[in-house]
Every structure is written in structure tokens, then in C-alpha cells.
Amino acid sequence: MRDYDEITSFLGEWGPFQQSIFILLSLSTVPNGYAGMSMVFLAGTPHHHCSLPYLNGSTTNLSEALPMEEVNGHLDQSRCTRYKWLNSTGKPFGNETESCMDGWDYSTEQYVSTIVTEWNLVCGDSWKAPFSLSVFFMGVLTGSFISGQISDRFGRKVVLFITMAMQTIFSLLQLASVSWEMFCILFFIVGIGQISNYVAAFVLGTELLGKSSRVTFSTLGVCVFYALGYALLPFCAYFIRSWRMLLFVLTLPGVLYIPLWWLIPESPRWLLAQGRIKEAEAIVQAAAKKNGVTPPQVIFSGLDSAKLMHSDTHNTNTSYSYLDLIRTSKMRNITILNVILWFMVTISYFGLSLNTPNMNGDPYLNCLLSALMEVAAYFWAWLMLKVTSRRAVISSTLLTGGAVLLLTQIVPRDLNILSIVLVMIGKFGITAAFSVMYISAMELFPTVVRGMGVSICSMASKIGSTISPYFAFIGAYNEALPYIVMGLMTLTVGLLSLLLPETQGIPLPEDLSQTQSLNCCFHRCACCQEQEGMLPEETIH
């Protein structure tokens, strides 16, 4: 069977068709950069204390009315208790404490309103703020599971646009939330759409673009535009301090993506895998016309007979399920390793991103620095992939990032800037590795199960992201613990990533028989493969 890239090589690598696909699909990922991260500000917890109605708004007696408590090594007025009011002229407050019977007073210095201040998600209900984001990631997890199989069965383009519409519509409905429960239910549905359109855009771009453009799209395309969306968040949040208005402004760009339906085609690779050869040829011919080249009269001639030679995967009547990801030993090893890597790296990635309010300094500036560090990481990953392998970039950045996060614990408390720099370096390494892991997964999973393969990885990552909000929650009480845990996890996955097979310069696998073996004990594995006559280079072509 001739390789798809070889058959369509007449299109060129970087014509008007590829350029438009690159830009449009990259733009579609901008809202994903702030959809979940917006909770850093939507659910911001301002300084607060028990309401004291009997003081008639006076703050002169706060020190007498509120007990002191230790927070991160510092004494501060209690946020959840107050001294009992004795209504005595001599001594108005007793020594006994009570909960905030009359609610809370919130500082408006940083936020006008958040979901925390609107529904009093503090003290005994403080778990609800991070859980709100966990609910979002549960939706993301659900979307990862659903979208992969739908994408492989009904097409990348259909999933992309349905889930973009879902994200926009239900984000707008969140504005009308009258309770925390309603907000979370709608946020769950937004999460389903958020990851589904990101993965669909990633897969679609990978399959539409050629070899030389694929890496650039995966790093400087969707990832950088995702980071730019993330960078827009602190700018909007700085000027808009009300959570409803902020969410409205962040949701509006979704409406602008409607015309993209007529500009982005379906994946010809997916159409060929479904036996829809005429439709695939029509898309390639349209691409050739846009690039100003003359296509062959018959582009995929003889493909049917070639497909029949691969009876396990290329029968057009064959359907695939998630079970195919563990059906063969090679496919099973690839799936399990990627699941572990994505799960643990995501905990560190989102844990660091969501913990920016707990870092020293201005939360808006810290969020912006975190976003800019992502942009720098994606550019660095793109440059490194030009000179070294996927596996080398993933392993080196994870090991470096994990080590730096552990080093933050020995920085003296008065060196705040150094601590922030080390955390940002750790974020840099984890982000760079994450972007390359997407590329590696796309190139390891065969076309017939690629959508499901990436989705199962995304599901694992979203289980990790569901846990990550509590790292920021813990960080409000113990600054060191989240960095210790994330540092150890990152070092562990850095070592495990050495097992990944290398995919650089190898055509995308089309069926299950072309799956590579793990890099474990490379020389021994190579000998085993030679005995089986199944070296990676031989199985790909």
C-alpha cells in the first residue's frame, strides 16, 4: 500500500491550502486556553471574615471581635469564626468563639464578585470552589470518552463544530445561574465541549497537513494559540472584576467560529479509512486547485485492492472500538504508557496553572507570566524537535521541570522572586513536554483508532486534571506540599517517557499491524523484532 503522504505529495507542503488549515484550526483552540483556567478568577476567594452586624460597619473593634489564626506561617484574623457577642458595655465580646452566623464580609479590593462571594463558598463550603473546576474536568473526561469514538465513526469535522457550539451555548447559559449547583451542571456540559473540539482540531490538523507541517501545527499552531487564549484571560480579568460579565466577554468569541464550517474540510485520511474514496479525492482535488497545482486524474487508484491486503484493519466494513487499543500486545503497551504519562503530567500542568493565586505577587501578573511561559515553551519545543527526537525532548524537559520544582523548597521565604522563577521554569518544562506528547501520541496511534487513542489519553489526563484543583486548594494552607508532590510525579514520568518509541521521520501508521514496540531494552527488542520480521521501518511501509 502506497503511503498517503506519498500519494498526495503533489500538493506540496506549505501552499495556501495548508496555510489556511493551519491558521483556522489554530484559531479554533483560542477559547480552550481560558475556558477552564477562567476559574482562577471566576472562583477567586477574596479576603473575608465573619459579618459583624452589631458593629454597624465599624472596623475599629475587628481585632477584638475576631480571633487570630495561623495561615502559611503568618498570623491573620480568622475567616470562619468570631467571638461571641455579649452585648455588654464593659466587655462586648467573650472568649468563646462561634461560626459565622450572619454570613461573611468580603473585600472588594481585588474582585467585585465571584461565584465564591455570590454563594458563600468559604469555610465549611470552601471545598465547593475547587470542586466546581473538578466538575468541569469531569465533563472534559466524559467528552474525551464520547468524542473519540464519534470522531472515528462520524468524522473529525462534525465533532469539532458540534462541540464548539456546545461550549459556547452552555457558557452563555451559565450567566443565568441562580445557584452553585446550576452553575456546576452547566459547567460540566461546557467541559464536554471544551476538550472534544480541541482534540478534534488536533487530529484534523494532523491528518490534513503534511509531515513537515505536522510538528509546526502541533507546537506553534494549536498549542501556541491555546496559550494566547490563556494569556488573554488575565487581561480581561484585570479590567472586568465581576464574574458574570467576565464570563460573558470570554464566551462571545465562540460565535465568530460559525463561518469556519464552510472553510475547513473533513480529513481525507479518515474518509479513506471509511472507504469513501470519491469524497477524499474531491477534497484533495480542491486543495490542489487552491494550491495552484494540477492533480492526477485518479488520485487514489488501486486503493481498494491494497486495502483488502490488510484484512485486519482496512476492510471498509470493519468498525473499531476502545477494545482495539488493548487488543494486541504492542497496541496495549503504547496505550498504557501514554495513559500513565498523560495522567501524571496533567496533574502537574494544571496544578501549577491553578496555583498562581497562591504564589507571591500579583495574581494577574503571575497568570500572565504563566501563559507567556507556555508560549516560550512551545517555541522552544518546536526548535528542539528540529534537531532531536520526540522522546529526548519529552524526557529531558520532564526531568528538568521535576527537579526544579523540588528545588523551590530550599529557597528562603524572603527570596520571593527566585521562588517564582523556579516555578515558572518547572512550568516551562512540563508545558514543553506536554506539547510534544500530543505529537507523539498522534504519530503512535494508527489512523483507524487515532481519535479513540488520543481520546483515551485525554481521558487519563482529565482524571488528573480533576484532581489538580485541590493542589491549589492545599496550597492556600501549605505552600510547599503541592510543589513537592508535583516535582516527584514529574520526575517519575520523565523516567517512564524513556520507554516511548521514536516516531520522528516515520509515516503515520494506518492500521493496527503498523504499531511500534516500546523502547524498553532496545537492543533486545530489536533482535526480537528481527526474528518476527517486524522492525518498525518494515511494518510502517
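For my own record, buried is under 20% relative accessible area, exposed is over 50%, and partly exposed is in between (1.4 Å probe, protein chains only). Helices here are DSSP runs of H or I with at least four residues, numbered from the N terminus.

This is a predicted model, so I note that local features need pLDDT of at least 70, side-chain atom pairs count only at pLDDT 80 or more, and totals for chains, interfaces and linings use all residues. Residues are numbered from 1 along each chain as its sequence is written, and side-chain values use heavy atoms, with hydrogens and water left out.

Back to α13: its buried residues are Ile-277, Ala-280, Glu-281, Ile-283, Val-284, Ala-287, Ala-288 and Asn-291. They sit on the same side of α13, because they cover an arc of only 160 degrees around the axis (taken from the directions from the helix axis to the C-beta atoms). Just after the helix, Gly-292 has a positive phi of about 75 degrees.

Next I looked up rings, and the structure holds 20 aromatic pairs (Phe, Tyr and Trp, its six-membered ring, with centres within 6.5 Å; planes under 30 degrees apart are stacked, over 60 edge-to-face, the rest tilted). Phe-161 and Trp-261 are edge-to-face, 5.2 Å centre to centre with 80 degrees between the planes. Phe-161 is in helix α8 and Trp-261 in the loop between α11 and α12, 100 residues apart. I have Phe-161 down as buried at 12%, and Trp-261 as partly exposed at 36%.

Terms used:
Helix = DSSP H or I, 4+ residues; strand = E, 2+ residues; numbered from the N terminus.
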